[in-house]
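Welcome! Take a look at the sequence and the 3D view, then follow the stops below.

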Amino acid sequence: MSTPGFAGKQGRVHPIVQYPDPVLTTPCAEVTEFDDELGQLIADMFASMAAADGVGLAANQIGVSRRVFVYDCPDADHVRRRGVVINPVLVEVPLSERRLDDDEEGCLSVLHQFSAVARPTTATVTGADEQGRPIEVTGTGLMSRCLQHETDHLNGMLYIDRISTKARRRVLKDHAKELENLRL
Ligand code: ZN
């Protein structure tokens, strides 16, 4: 199977780390070197995201605790957006301008589970591209949700930290069952 490359590098597919692995709940380290190794990590992340049929992936989801996420995700106008953000910081939207939707959300690290999560309909992150140049990415619809979800990951947070205790208990119980089935 061929996998999407990045900047001329062929990506290697890694398994997706599953909750409750501690790498998912530990804040990731800032990237300071924009070198070949980072390029390879990004290529591996694109390949792993595609293989898992995801719309976004954070580096700690393949076990690398560094502040990098990739996305390949449609926005509210169904335009496909694909890219990488290094050291992302979410730009706070003033409360008066904030509109929420509470669509279902899932995560490759909490296999096959979904729950409604209220999030702002538009989100912007600032950060750097693979060469360390400053970038700003704004998303609407699913892309807004993706930018927030992936930035959360790099801060050691999952969507299950943003839902009710009852919903979280249900999701984690079903997730544990899924993992057990995989091991059988
Ligand atoms: Zn996730």
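In which loop does Gln61 lie? Gln61 is found in the loop between β1 (56–58) and β2. Please keep in mind that this is a predicted model. We start at this loop, move on to the metal site, and then visit some helices and strands.

**Gln61 and its surroundings**

- With a relative accessibility of 1%, Gln61 counts as buried, because buried means under 20%.
- The side chain of Gln61 makes a polar contact of 3.0 Å with the side chain of Ser109.
- If we leave aside neighbours within four places in sequence, the residues in contact with Gln61 include Pro15, Ile16, Val17, Leu24 and Glu150.
- Cys107 and His153 are also among the contacts of Gln61, and both of these residues return at the next stop.

**The zinc site**

- Three residues coordinate the zinc ion: Cys107 through SG, and His149 and His153 each through NE2, at 2.0 to 2.3 Å.
- Along the sequence, these donor residues follow the spacing C-x41-H-x3-H.
- Cys107 sits in strand β5 (residues 104–107) and His153 in helix α2 (residues 142–154), so this pair, 46 residues apart, links distant parts of the chain.
- Are Cys107 and His153 buried or exposed? Cys107 has 9% relative accessibility and counts as buried, and His153, at 1%, counts as buried too.

**A histidine in another setting**

- His78 is placed in the loop between β2 (68–74) and β3 (80–90).
- At 71% relative accessibility, His78 counts as exposed.
- From His78 to Ile42 there are 36 residues in sequence and 24 Å in space, C-alpha to C-alpha.

**Helix α1**

- Helix α1 covers residues 36–51; its 16 residues should span 22 Å at 1.5 Å a residue, and its end C-alpha atoms are 23 Å apart, which agrees.
- Among the buried residues of α1 are Leu38, Leu41, Ile42, Met45, Phe46 and Met49.
- The buried residues of α1 pack against β1, β2 and β3.
- Just after α1 comes Asp53, with a positive phi of about 60°.

**Helix α3**

- Helix α3 (residues 165–183) has 19 residues, which should span 27 Å at 1.5 Å a residue; the distance between its end C-alpha atoms is 27 Å, in agreement.
- Ala167, Val171, His175 and Leu179 are buried in α3.
- The face turned away from the buried side of α3 carries exposed residues, including Lys166, Arg169, Lys173 and Glu180.
- Part of what covers the buried residues of α3 is β6 (110–116).

**Strand β8 and its partners**

- In strand β8 (residues 122–128), 5 of the 7 residues are buried, so the strand is largely enclosed by the rest of the structure.
- β3 and β8 run antiparallel and are joined by 3 bridges, and Leu90 has Val125 in β8 as its bridge partner.
- How many bridges join β8 to strand β9 (residues 134–140)? There are 7, and these two strands run antiparallel.
- Thr124 stands opposite Thr138 in β9.
- β8 and β9 form a hairpin with 5 residues between them, and Gly132 in the turn has a positive phi of about 90°.

Definitions and conventions
Residues numbered from 1 in each chain as written. Predicted model: local features only at pLDDT ≥ 70, side-chain atom pairs only at ≥ 80, totals over all residues. Heavy atoms only, no water. Donors = N, O, S within 2.8 Å, 3.2 Å for Na, K, Ca; no water. Helix = DSSP H or I, 4+ residues; strand = E, 2+ residues; numbered from the N terminus. Buried < 20%, exposed > 50% of the residue type's maximum accessible area, 1.4 Å probe, protein only. Expected span 1.5 Å × (residues − 1). Contact = heavy atoms within 4.5 Å. Polar contact = N/O pair within 3.5 Å; in protein donor to acceptor, adjacent residues only side chain to side chain. Pairing = 2+ DSSP bridges.
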